[in-house]
Amino acid sequence: MIRLNRQVTVFGSAIFCVVVFSLYLMLDHLQLDHTKSPNNGGDRLQNGQLSILQGKIDRLERLLAENNEIISNIRDSVINLKESVKDGGPDGGNMSQGPYPELLASPPLVLPIDSQDCQFAAREFSKPADGVQLLDVYDLLTFDNPDGGVWKQGFDITYQENEWDSEPLQVFVVPHSHNDPGWLKTFDDYYRDQTQHILNNMVVKLHENSRWKMIWSEISYFSKWWDNIDDQKRDAVKSLVERGQLEITTGGWVMPDEANSHYFALIDQLLEGHQWLERNLGVKPQTGWAVDPFGHSPTNAYLLKQAGLANMLIQRVHYSIKKHFSSQKTLEFFWRQNWDPASSTDILCHMMPFYSYDVPHTCGPDPKICCQFDFKRLPGGRVSCPWRVPPQPITDGNVQQRVQMLLDQYRKKSKLFRTKVVMVPLGDDFRYTEALEWDQQFQNYQKLFDYMNSHPELHVKAQFGTITDYFNALRKSAIDPGHTGPSLPVVSGDFFTYADRDDHYWSGYFTSRPFYKRMDRVLESHLRAAEIIYSLTLANIRRSGKRNDFPAVENYRLLTEARRNLGLFQHHDAITGTGKDLVVIDYGTRLFHSILNLKQVIVNSAHWLVLKDKSAYSHNPSKAFLQMVSKKKHWRFNFSVETRSVVIYNPTEQDRTSVVTVYVNTPHVRVVTDHGHPVPAQVSAVWDEPTTASTELSFIAQVPALGLGMYQLGKAASGGAETAEYVFFRKSGELSVNVKHFTVNIPQDASTPLSIHNPHLQRLKLKEDGSEHQIKVEFAWYGTTSNRDKSGAYLFLPDGEAKMYSPAQPPVIRVTKGSVFSEITTTFDHVTHTLRLYNVQGVEGQAVEICNSVDIRGEFNREITMRLTSDVDSKDRFFTDLNGFQIQPRRTMAKLPLQANFYPMTSMAYLQDPGTRLTLLTAQSLGSASLKSGQLEVIMDRRLNQDDNRGMGQGVLDNKVTASSFRLLLEKRAKTDGKPSALSYPSLLSHVSSLYLNHPLIPMAVSTEAESLSLSPLSPLASSLPCDVHLVNLRTIQSKVKIFVFLHNTFFSFLSVEHKFSKVMTALLCSHSHCL
């Protein structure tokens, strides 16, 4: 017992140290300390070390205080080990000290919710006196589009000549080149043809004049270029950064889409870019730059703030919102999260006021004038001004007149802001490719600036600057204490759905190319799983102290490649589905290869972890110890030996009971645990066609949090897995079913009612009060408008309301009834639709699983939608998530066109009335809407035969058979007053259900040659993490076992006034942390 106590104490201390060290690492890498910048020089670094250290200690103390309940929970879990730990011995190699408890025999656990729990969720929303809530702005605006004159979407701007007499106008012209990592060309083709030349010219040209500056955003390109330049050029780049001539903005791997990307991927691409910058340039970005994403999410603002950025810029916002913000002078604001009652999440944001980020739409309100100051368009070049008035080279003879023209635009633009500091971007897509353009732009502008600055009567100071130069001047003018400048407003909410003109709403890309959107989430799941098990393996290897040939370096290389491929796909022309066909194929190939590579990382890591005798470990790539169980029907368990072992990896932080499915070559199979206990199992048919099938095995697996479970599969003459039974229906026509081993019934009366049930959920009946709710699932078609502008990859321009789906022939309906799951599958011409119920205690038994396999490859200008119609009295309100991170309340507005009422759904959407909430969880990002009370619809796929004139130059005709997965939850809410709020949170059950949907258990088959080796399950945690704490990642930094632990305290509803749920949650077999 003394030995056990010592082990418990050491284990608990180790966990505490990991938490403390992880917090310090996160501070060091993400809470960015700008005094480390090379700009400050070595002496300043040395002199400021003490204050830097003190600041880090202060922040560390605050984080420790905020996380004391997590540490207490871990401590309590370690203490509880005394009753469950068994000594596995030094050679066992198992981080767990005992077997995983048998949950099947346990009664359902009840999670009582105390009335004081989750006060975070109970807080009333209150905005500051000068705050702007975007939900209120939408209510206020008429969304008309009158002609504003030269600024078509705005208004006439006037000013008085003497307005700048007391305080001169400060103008910062910010040269930039927007480099899409794939769009009309692939990433590699763009780099070869354009990007490398831009960066090469940048080094040369910026060294010619110390007053010239440039910003750069896409680290994916910058890192590729860096790998191909010599040390001399690298030193030249570093000197430009140190002198402030070159600024790296945002620092992400790409400039990500903000509608479809999940927050895991947003963090990952940001971290990958920031780590690269820290290793190679020693810089940490200060300002975000997002000129091209099609709408903007507060989630991205929050992540930038948490990564240490102080400022950000956005561009693509609905033209009516831009006009309103311009008229109110709120284009510069502090962006605050809806759920922040104070100001801890505030980040200073600049919204560009005009149509685009190109030169004609950035110097001022008149594009005809501004285009004359885009000197790449000088006569004789390849591009010209569409207003047919070309630029003129600046000479001594015309400089005065040209300055007056340009200064007039600068002054008019400045009238839209509260200070006398104005920012003017100077660039466009892939600008500055040739040395000639650098000379044209910089030399001509320098002449204009020199004239302005040498004439004090103009009351202007103009210069090239970086975006942070501008924000520093803005802060000094508007924010610094003691300054008499005006304060800036606070804004909360999101900027979806984007429209750039007329009724052209960019809600089509929420769904475009859904096959690849699903692949993105599969890669995310595999990457997270591989990161965690790889980190656990390295820690276990270090602890074991045994020499081995584990391929740590090669696996880390595969992880890095997968991180970067996932990051690349977050680009706003990748996950959006808005690239040319050949580019989409390139993205898909990268995603697919990384999924395969990550499977190998998982298999390699699990190989080490499950071996009881670590000295028996040997890595042999040509002779796999474990093989990932594929869902392809050609991969199946063949029982050439008496039993086959299956290792099951649980990548979630919860002890988990879920269904695992593998293909087998016989229906006579039994499943037992590693202790020999039988496991509930079901043999079902795998339907190659609606009426022909092969065989699969589904069984209920219990696997510890982040752990590995062991199961044995073997042949069974009797007493093995139960066989599913089938019933087939078709309203007319002959129906022939060809299947062995299964009982099949084909009733003569096709009108027989269909029903499936489990003990946990019956016809969406709430067990707490027995109330039943009718929910109908339908499919419908949207066409495209007959106007000149039609739907395309970006735009959704429907021809009116959707028309109900009517198949050419009656569908085949198949009912499966089994002990592990039951389902109804309906096969239409274009959709195979499956509703499944799991007979599982816990989370998975509380939801209806929906799977749709969609094939619209033969259609012309059509979009197919799944529509759920319920008796939930939701009126015009519904809720969608933003990036899987937070919930944004929505209102369906009759004053807006149909397409404007669609919003991105990354992980969930829900309807609710005072007593009930209906939640649809999704495993892929899609566009969603609630066009009528009680309805929720999701666009499943789009096939469009023409370009929508946004630059892609083609339609969307590369459709594939696409599988989409959902889960449907019905939950009881305590009665509320139903008043609308800017706050809403998912239930804890929906959080965990979404986690299970997106991160399934991962089965691996032990090779027949390895069956003789002694294997052991793995339980790395003493207990599950609290249900409301999500382990985002366990990320190894380089291959030195330097690990980041990312924890996310999920926001959920139990007892808030607006989102009150039942006080008893029988589905959750875990505790919660009392909302840390």
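This is a predicted model: local features need pLDDT of at least 70, side-chain atom pairs count only at pLDDT 80 or more; totals for chains, interfaces and linings use all residues.
A crossing of two helices is called left-handed if the near helix is turned anticlockwise from the far one by less than a right angle, and right-handed if it is turned clockwise. Helix α10 (residues 263–280) passes helix α18 in a left-handed crossing. The axes of α10 and α18 (residues 552–569) come within 9 Å and cross at roughly 120°. On the α10 side, the contact is made by Phe-264, Ala-265, Asp-268, Gln-269, Glu-272, Trp-276 and Arg-279. Helix α18 brings Thr-560, Arg-563, Arg-564, Leu-566 and Gly-567 to that contact. Sorted by class, the contact of α10 with α18 has five charged, four nonpolar and three polar residues.

Helix α10 also packs with helix α11 (residues 298–306), at an angle of about 40° and with the axes 11 Å apart. The crossing of α10 and α11 is right-handed. Here α10 contributes Tyr-263, Leu-266, Ile-267 and Leu-270, while α11 contributes Thr-299, Asn-300, Leu-303 and Leu-304. What classes of residue make up the contact of α10 with α11? Six are nonpolar, two are polar and none is charged.

## The disulfides

If you work with cysteines, this part is for you. A disulfide is a covalent bond between the sulfur atoms of two cysteines. The model has two disulfides. One of them is formed by Cys-363 and Cys-370, with their sulfur atoms 2.0 Å apart. The link of Cys-363 and Cys-370 is left-handed, with -90° about the S-S bond, and both of these cysteines are buried.

A disulfide also joins Cys-371 to Cys-385, at 2.1 Å from S to S. The torsion about the S-S bond of Cys-371 and Cys-385 is about -105°, so this disulfide is left-handed. Cys-371 and Cys-385 both lie in the loop between α13 (367–370) and α14 (399–414), so the pair ties together parts that are 14 residues apart in sequence. Both Cys-371 and Cys-385 are buried.

Strands of a sheet pair through backbone hydrogen bonds, either parallel or antiparallel. In this model, eleven strands form an open sheet with mixed pairing, in the order β24-β23-β27-β28-β29-β30-β39-β36-β35-β32-β33. Which strands stand at the edges? They are β24 (743–745) and β33 (886–891); each has a single partner strand, so one side of each is left without a neighbour in the sheet. From one strand to the next, the twist averages 20°.

Helix α20 (residues 988–998) packs on this sheet and touches β35 (908–912), β36 (916–922) and β39 (962–972). The direction of α20 makes about 160° with that of β39.

## Strand β39 and its neighbours

Is β39 enclosed or open to the outside? Nine of the eleven residues of β39 are buried, so this strand is largely enclosed by the rest of the structure. Strand β39 runs antiparallel to β30, and seven bridges join the two. Ser-853 stands opposite Ala-963 in β39. Strand β36 is likewise joined to β39 by seven bridges and runs antiparallel to it, with Leu-921 standing opposite Arg-967 in β39.

Moving along the sheet, β29 (residues 831–838) and β30 (residues 848–854) run antiparallel and are joined by seven bridges. Leu-835 has Ile-850 as its bridge partner in β30.

## Two residues to look up

Leu-735 sits in the loop between β23 (725–729) and β24. Leu-735 is buried because its relative accessible area is 17%, and the cut-off for buried is under 20%. Eleven residues separate Leu-735 from Ile-746 along the chain, and their C-alpha atoms are 8.2 Å apart.

His-1030 belongs to strand β41 (residues 1029–1037). With 11% relative accessibility, His-1030 counts as buried. His-1030 and His-991 are 39 residues apart in sequence, and the distance between them in space is 9.3 Å, C-alpha to C-alpha.

Methods:
Residues are numbered from 1 along each chain as its sequence is written. Side-chain values use heavy atoms; hydrogens and water are left out. A disulfide is a pair of cysteine sulfur atoms within 2.5 Å. Buried means under 20% relative accessible area, exposed over 50%, partly exposed in between (1.4 Å probe, protein chains only). Helices (H or I, at least four residues) and strands (E, at least two) are DSSP runs, numbered from the N terminus. Two strands pair if DSSP finds at least two bridges between them. Axes are lines fitted to C-alpha atoms, for helices over the stretch in contact, and angles run from 0 to 180 degrees between N-to-C directions. Contact means heavy atoms within 4.5 Å. Ala, Val, Leu, Ile, Met, Phe, Trp, Tyr, Cys and Pro count as nonpolar, Asp, Glu, Lys and Arg as charged, and the others, Gly among them, as polar.
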